[in-house]
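Let's take a friendly walk through this model, starting with the ligand and its surroundings.

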Amino acid sequence: MTKLYDLIIIGAGPSGTSCAYNIKRLNPGARVLLLDKAEFPRYKPCGGGVSPEVANYLDFDLKPAIDSVCDTVVMVANGQEITADKYPLWMVRREKFDNYLLSKVKDKGVEFKHSVEVQDIITTNETPTVITSIGEFQAKIVIIAEGGRGKLAKKLGYAAKNTILAAMEYEHYTAESDGKLYIDFDYNDSGYAWNFPKSDGLSLGIGGFVKGKEKGKVGLPHKLLNYTKQFSVNELDKKNLHGHPILLYSGRQKLVHNRVMLIGEIAGCVDPLTAEGIRPAIKSGFLAAKVINYALAKNDFKSLVNYDLAFHKEIGSDFYYARIMSYFLNKNLKRVLPMLTSARAVNAFMSVFSGKSTYHEKINWRRIGKLIWKSIF
Ligand SMILES: Cc1cc2nc3c(=O)[nH]c(=O)nc-3n(C[C@H](O)[C@H](O)[C@H](O)COP(=O)(O)OP(=O)(O)OC[C@H]3O[C@@H](n4cnc5c(N)ncnc54)[C@H](O)[C@@H]3O)c2cc1C
């Protein structure tokens, strides 16, 4: 007979491990299975900028997972540099960060299986069955935390309709870095380039919106190379160059489908303005764990829909403002950019990114009105 788990989580990125960890914190007796198709530690294309606010959702010491702390952010637009240095951000290498979170999950007694690809979820019975490359598993609740490249949610018809940002990351290993984080709008008409410093190098990248039927990398490698030259990176070695889509938040979506739930990036849980996905992923895992704990304790699986409400209240409602700004930035970058790259605006962004405040606190409807005006006239 197939073993019945309380919870199966598909994907051991920050959303999956946060959910696994928090459910065991709330209910140490819960039988939790975490599956990932990769072998850990695994590389994940990512700038690795993390808001220190994640510590609110994980009750263990995160220091061992942090590569360095960056307290100077330089925003570049039309050749002008604006510096913000009041809001430190953590810099992480994802292979180390994700593996550290996973080690904490294993310490809590979660069963983890690597190199196991989930191929399907059968939802016709009351308890969903997870079909994998090594056999079938059954659980009372299944979480899909498969990230931006996941195929399962789509296959099941649960995929949220998210705006896609095409992104490209290049890892440059060097001892030479000024330790500053750069965000530069001068290298892509529909996005920006970045340089996130690490103790052993630079994570360089570029992202751009995929519009209409545009597919693929929208010329990103070429644009990225133009950008990296200023940091003496004159060639992009293919083995350190990684393309990856980012699924940005695009409005309220249904994330609970009976006993199957979506968390992290596959739920569109990425800031639509900055493309920050790690903190929201960890927060969505935390929110889901609270709802699941209640459902298991009360044997009330209808209550899982409370995750939809919590997601909207705690994450989506603030992303709403970011979405408006992102929309107008994307519509008319040249005209709107000066409004978003003043010293005041850059400091406001950084206070939001670092978790010190929310978009809701930092912008008001008068400013949004100005944004709309600027983008049109
Ligand atoms: C180029 C780039 C730069 C970025 N920079 C930043 C940044 O600086 N700061 C920031 O906050 N965010 C950044 N992001 C976004 C951030 O990386 C993601 O939003 C975040 O990793 C999402 O976490 P997740 O847990 O949802 O998914 P992921 O971290 O993608 O993890 C998903 C996991 O699911 C597994 N999986 C997928 N399908 C299956 C399957 N069928 N069976 C089993 N396992 C499966 C995968 O192997 C993977 O381990 C960046 C993204 C990109 C692409």
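## Around the ligand

In this predicted model, the ligand is surrounded by 38 residues, and the closest are Ser15, Asp36, Gly49, Glu265 and Ile278. By type, the residues of this shell divide into 18 nonpolar, 10 polar and 10 charged.

Several secondary-structure elements contribute. Helix H1 (14–26) and helix H5 (278–298) each supply at least two residues of the shell, and so do strand E12 (163–173), strand E14 (191–198) and strand E16 (241–248).

| Residue | Protein atom | Ligand atom | Distance |
|---|---|---|---|
| Ser15 | side-chain N or O | oxygen | 2.8 Å |
| Lys37 | backbone N or O | nitrogen | 3.0 Å |
| Gly47 | polar backbone atom | nitrogen | 2.9 Å |

How much of the ligand's accessible area does the protein cover? On its own, the ligand has 1000 Å² of accessible area, and the protein covers 95% of this.

## A lysine in a loop

Now to Lys302, which sits in the loop between H5 and helix H6 (306–331). Is Lys302 buried or exposed? Its relative accessible area is 73%, over the 50% cut-off, so Lys302 counts as exposed. Arg259 is 43 residues away from Lys302 in sequence, while their C-alpha atoms are 8.3 Å apart in space.

Methods: Residues are numbered from 1 along each chain as its sequence is written. This is a predicted model: local features need pLDDT of at least 70, side-chain atom pairs count only at pLDDT 80 or more; totals for chains, interfaces and linings use all residues. Side-chain values use heavy atoms; hydrogens and water are left out. A residue is near a molecule or strand if one of its heavy atoms lies within 4 Å of it. A polar contact is a pair of N or O atoms within 3.5 Å; within protein, one must be able to donate a hydrogen and the other to accept it, and residues adjacent in sequence count only if both atoms are side-chain atoms. Accessible areas come from the Shrake-Rupley method with a 1.4 Å probe; for residues, only the protein chains shown count as cover. Helices (H or I, at least four residues) and strands (E, at least two) are DSSP runs, numbered from the N terminus. Ala, Val, Leu, Ile, Met, Phe, Trp, Tyr, Cys and Pro count as nonpolar, Asp, Glu, Lys and Arg as charged, and the others, Gly among them, as polar. Buried means under 20% relative accessible area, exposed over 50%, partly exposed in between (1.4 Å probe, protein chains only).
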